[in-house]
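Let us walk through this structure together, element by element. Have the sequence and the 3D view at hand as you read.

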Amino acid sequence: VVINSGRTQKSLGIDNEPSILLQLQQLNVFAPVAMTQAMCRYWQHNINEGKTLRKSKKLHQIAITSSLAGIVGGPKQSAYAMTKAGLNRYMEAMRIELVDDKTDVNIVCPGPIQLTADSHDSFGSSPNAELRSRQEGRTGRVNMTLTRCASLYVTALQYSLTESWISKNPELLLSYLRQYTPALLGPLGRMIGPQYTKITQQQRKEIEGSRSVGAV
């Protein structure tokens, strides 16, 4: 079972209203958790009948689409990062609890992926705020294609990897630094933060300008 649900959000952490935090939690955390619980109960009571009926390394498999934002928090992604980090830890705990049921829980964490025509805009600082373009904050470099991400995702499922990070650098490098040398993230954040802020402010002005022209 692959559970692939969620939505991004772009706003400064100081501006996020409690209502948007709750809405994101319901969509990005509570929904995947509820679906995972339902599947596990079904397998336990209707398939396994409380017991594993055949000898195998693995009987059931659940894959959860999370995000590298759950590993490393980024500017204007505080609420989104909160939900993905919570989802990661919840599923990590469930994985241990389901060992006796021979149920594997795979957490797949993609980084920035090329946007498509089907990509939804991001939420803003509140449920009623104007939606934010997902182009905001992207520096114009070529991100991983959706096809490449899907191929790596399938490979992670094939080998039932406990946790997978799918991304290009620098996001992948930052994830490794966060994992093994977290002390370096502070100095890097002070270097990257101001540059990112200037880029997002300029992009925000360009997006608003293009919308104004389109409205005219």
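Is Gly74 buried, partly exposed or exposed? With a relative accessible area of 22%, Gly74 is partly exposed, because the buried class ends under 20%. Please keep in mind that this is a predicted model. Gly74 has its place in the loop between β2 and α2. Its C-alpha atom is separated by 9.8 Å from that of Glu171, although the two residues are 97 apart along the chain.

Lys76 is buried, at a relative accessible area of 17%. Ser160 counts as buried, with 15% relative accessibility.

A further loop, between β4 and α4, contains Pro170. The peptide bond that joins Asn169 and Pro170 is cis, with omega about 10°.

**Helix α2 and its surroundings**

Now turn to helix α2, which covers residues 78-97. Its 20 residues reach 29 Å from the first C-alpha to the last, close to the 28 Å expected at 1.5 Å a residue. Buried residues of α2 include Ala79, Tyr80, Leu87, Met91 and Met94, and also Lys84 and Arg95. What do the buried residues of α2 pack against? Their partners are α1 (18-47), β2 (60-65) and β3 (103-110).

Leaving aside residues up to four places away in sequence, Met94 touches Thr36 and Cys40. The C-alpha atoms of Met94 and Asp104 are separated by 9.5 Å, and these two residues are 10 apart along the chain.

**The strands**

Helix α2 also belongs to a right-handed β-α-β unit, together with β2 and β3. How many bridges pair β2 with β3? There are six, and the pairing is in the parallel sense. Within β3, Val108 is a handy landmark, as Thr65 stands opposite this residue. Val108 also has a bridge partner in β4, namely Ser164. Strands β3 and β4 run parallel and are joined by four bridges. β3 is mostly covered, with seven of its eight residues buried.

**Aromatic rings**

A pair of aromatic rings is described by the distance of the centres and the angle of the planes. A search of the whole structure finds two aromatic pairs, and the table sets them side by side.

| Pair | Centre to centre | Angle between planes | Type |
|---|---|---|---|
| Trp165 and Tyr176 | 5.2 Å | 65° | edge-to-face |
| Tyr176 and Tyr180 | 6.2 Å | 15° | stacked |

The edge-to-face pair of Trp165 and Tyr176 links distant parts of the chain: Trp165 is in strand β4 (residues 163-166) and Tyr176 in helix α4 (residues 171-180), 11 residues apart. Why is the pair of Tyr176 and Tyr180 stacked? Its planes are at 15°, and planes under 30 degrees apart count as stacked.

Tyr176 and Tyr180 are four residues apart in helix α4, so about one helical turn separates them. An α-helix has 3.6 residues a turn, so residues three or four places apart point the same way. Tyr176 counts as partly exposed, at 41% relative accessibility, whereas Tyr180 is exposed, at a relative accessible area of 62%. Trp165, Tyr176 and Tyr180 together form one aromatic cluster.

The charged end of Arg7 sits over the ring of Phe123, at 4.5 Å from the ring centre.

Key
Residues numbered from 1 in each chain as written. Predicted model: local features only at pLDDT ≥ 70, side-chain atom pairs only at ≥ 80, totals over all residues. Heavy atoms only, no water. Phe/Tyr/Trp six-rings, centres within 6.5 Å; stacked < 30°, edge-to-face > 60°. Helix = DSSP H or I, 4+ residues; strand = E, 2+ residues; numbered from the N terminus. Buried < 20%, exposed > 50% of the residue type's maximum accessible area, 1.4 Å probe, protein only. Lys NZ or Arg CZ within 6 Å of the ring centre and 35° of its normal. Expected span 1.5 Å × (residues − 1). Contact = heavy atoms within 4.5 Å. Pairing = 2+ DSSP bridges. Right-handed = clockwise from strand over helix to strand, strands pointing away.
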